[in-house]
Amino acid sequence: MARSGLAAAARVARWADNALGPGRDAATADGKATLSDATAERAAADLGLTTDRVRADWDTARLAGLVEVHGDSARPGWRLRAWNRDDSAVLRGWVALFDAWSLASPEPGDQEPGAVAEVVSAMPQVLSFLQLSAGPVPVEQLLDLLRQRVTELRTERCEVPYGAGSEPATPLAPVLSADADPAEPAHNAELAPLLDWALHALAAVGALTCGSGQATLTPLGSWAVWVKLEQICVAAQSPAGNIEQSAEAMLRGCAQLRPNAARAEYRAWLAARTVGSAVAELLLAARGDDALLRGLAFEALRVVGAPAEPDVRAVVDEPALRPYALLWLAEHDGVDPEDAHEVLTRQEATWLWVDTAAAVADHGEAPMLVRHLESALQPTVPALLTEVRAVGHPRTVQVLVALAAAHPDPALAKAVRRAAFQVHTGGS
């Protein structure tokens, strides 16, 4: 189902891989990830689609991490590279799109942004109820659940809840019971168009189906909600036999190991190769689109030590590798690892923060992403969001969407979602 739902986006992403990139025509006219008219028309002609369809599939491809935009050029994301051989990459791409459902469909133009944000914050509870129901649920019942959750969100902010004199529900009430106090018709009327938008946006990404006044999670949507409820993380492949694997396969196999065990695997893998070929292969893995492999590759290079210095120094001018290389060189020169970050500029440190967050979003659990927020150099979340937007990391939107989906603070999640939307649309 994930492959089918993303097939059109993957098709446009492959077209971009072949037709766009360094030394070829630009993907965008403004560097904001929006296809230029000429490029959209060219893609439409090549693929036999309308320009509107091309733009929609392009947006889906970016939200799913199948394509990344760098300035005025585009390149395929690691999920597209792994599309034919790695089911987990396909599923992670769909989950990224699922997390970004509110960006995948235009917001209702006649609604207050605050009300839209409240509904987005409340939808996980609605989805949880749909998952637990394991079948069709009347939209009117979902509307009542939505009202309860919005009431809770406003109560948590010490705002007046919906319905004069109504008692706020407990946090689990919307998930565990549909027998709460009935909503006032006027307030249900206010939320009805927003629920309709949310359900159709979720249907557009393949998470549910709507019809005859009922909503039902698709098997894929039910799976995704279950994964999030249980915080299931796709396990890395077994490290057995890593000595015979490529650098990329070896690093993936070591991803779930403790640091000491991973270093032992690195040493065994390095011992079976010449230093030059091993270092070159590790740097090739680091240049890929998977941020987790980038960090692990430089951990393996720390095991190599001094023989790797010339090659590491040679990649300092590559933007994606520069922060990692500078930290490696500082530690190699004797700087305490806890102080090594001081060699980075604020922009480089912020780029590294986003890259690390991308690795966590792709391979970690939601609580890890929330904890990663605390490691940012910026003293406040608004300051962090401002600098993250300015640094131009290609995974910025996916990182912000994942962080908003994971963070338990509704106000903070709202601010992060707004920043993701602004980066996605190129707004300010």
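Strand β3 (residues 137-138) and strand β5 run antiparallel and are joined by 2 bridges, where strands are DSSP runs of E with at least two residues and helices are runs of H or I with at least four residues, both numbered from the N terminus. Two strands count as paired if DSSP finds at least two bridges between them. This is a predicted model, in which local features need pLDDT of at least 70, side-chain atom pairs count only at pLDDT 80 or more, and totals for chains, interfaces and linings use all residues. Residues are numbered from 1 along each chain as its sequence is written, and side-chain values use heavy atoms, with hydrogens and water left out.

| Strand joined to β5 | Bridges | Residue opposite a β5 residue |
|---|---|---|
| β3 (residues 137-138) | 2 bridges | V137 opposite A215 |
| β4 (residues 208-211) | 4 bridges | G211 opposite Q214 |

The hairpin of β4 and β5 has 2 residues between the strands, and S212 there takes a positive phi near 55°. In a regular strand the side chains alternate between the two faces of the sheet.

Turning to a helix, the buried residues of α13 are A262, Y266, W269 and L270. Seen down the axis of α13, these fall within an arc of 95°, so they line one face of the helix, the arc being that of the directions from the helix axis to the C-beta atoms. The face turned away from the buried side carries the exposed residues N260 and A271.

Methods:
Buried means under 20% relative accessible area, exposed over 50%, partly exposed in between (1.4 Å probe, protein chains only).
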